[in-house]
Amino acid sequence: MPIETLETVKDPVCGMDVEPRKAAARREFEGRTYYFCSNVCAGSFDENPRSYVDKQASPTQK
Ligand SMILES: [Zn+2]
């Protein structure tokens, strides 16, 4: 089954669901690939990738 074509991933910057095939931008960071809905989000990721990755890996609890 072509899982890849239907699978969506979260844009780590804005939290939107993005289809990898349609993603406006993509970045590799620490061996993982991240997809973005726009170049604006990708630009924010470039500025401080770790903050977005950490946010995703361990959500802040309040
Ligand atoms: Zn976005």
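1. Helices (H or I, at least four residues) and strands (E, at least two) are taken here as DSSP runs, numbered from the N terminus. On that basis the protein chain has three helices and four strands, and its elements run α-β-β-β-β-α-α from the N terminus on.

2. The model is predicted: local features need pLDDT of at least 70 and side-chain atom pairs count only at pLDDT 80 or more, while totals for chains, interfaces and linings use all residues. Residue numbers start from 1 along each chain as its sequence is written.

3. A residue counts as buried if 20 or more other C-beta atoms lie within 10 Å of its own, as exposed if 12 or fewer do, and as partly exposed in between, with C-beta atoms placed from the backbone. Of the 62 residues in the protein chain, 19% are buried. Two residues are in contact if their C-beta atoms, placed from the backbone, lie within 7 Å. Among contacts in the protein chain with a separation of 6 or more, 29% are between residues 24 or more positions apart.

4. Strand E3 (residues 25–29) and strand E4 (residues 32–36) run antiparallel and are joined by five bridges; strands pair if DSSP finds at least two bridges between them. The two strands form a hairpin with two residues between them, and Glu30 in the turn has a positive phi of about 50°. Arg27 stands opposite Tyr34 in E4.

5. Ala25 belongs to E3. Ala25 is partly exposed because 18 other C-beta atoms lie within 10 Å. Leaving aside neighbours within four places in sequence, Ala25 is in contact with Phe36, Asn39 and Ala42. The C-alpha atoms of Ala25 and Gly43, 18 residues apart along the chain, are 9.3 Å from each other.

6. A nonpolar core is a set of buried Ala, Val, Leu, Ile, Met, Phe, Trp, Tyr and Cys residues joined through C-beta atoms within 7 Å. The largest has ten residues: Val13, Val18, Ala23, Tyr34, Tyr35, Phe36, Cys37, Cys41, Phe45 and Tyr52. E4 and helix H2 (39–47) are the elements that give two or more residues to this core, and E4 has the largest share, with three.

7. Val18, a member of that core, lies in strand E2 (residues 17–18). Val18 is buried because 22 other C-beta atoms lie within 10 Å. Not counting residues up to four places away in sequence, Val18 touches Thr8, Val9, Asp11, Ala23, Tyr35, Phe36 and Cys37. Val18 and Tyr34, 16 residues apart in sequence, are 9.8 Å apart C-alpha to C-alpha.

8. With the same exclusion of residues up to four places away in sequence, Cys37 touches Asp11, Cys14, Met16, Val18 and Ala24.
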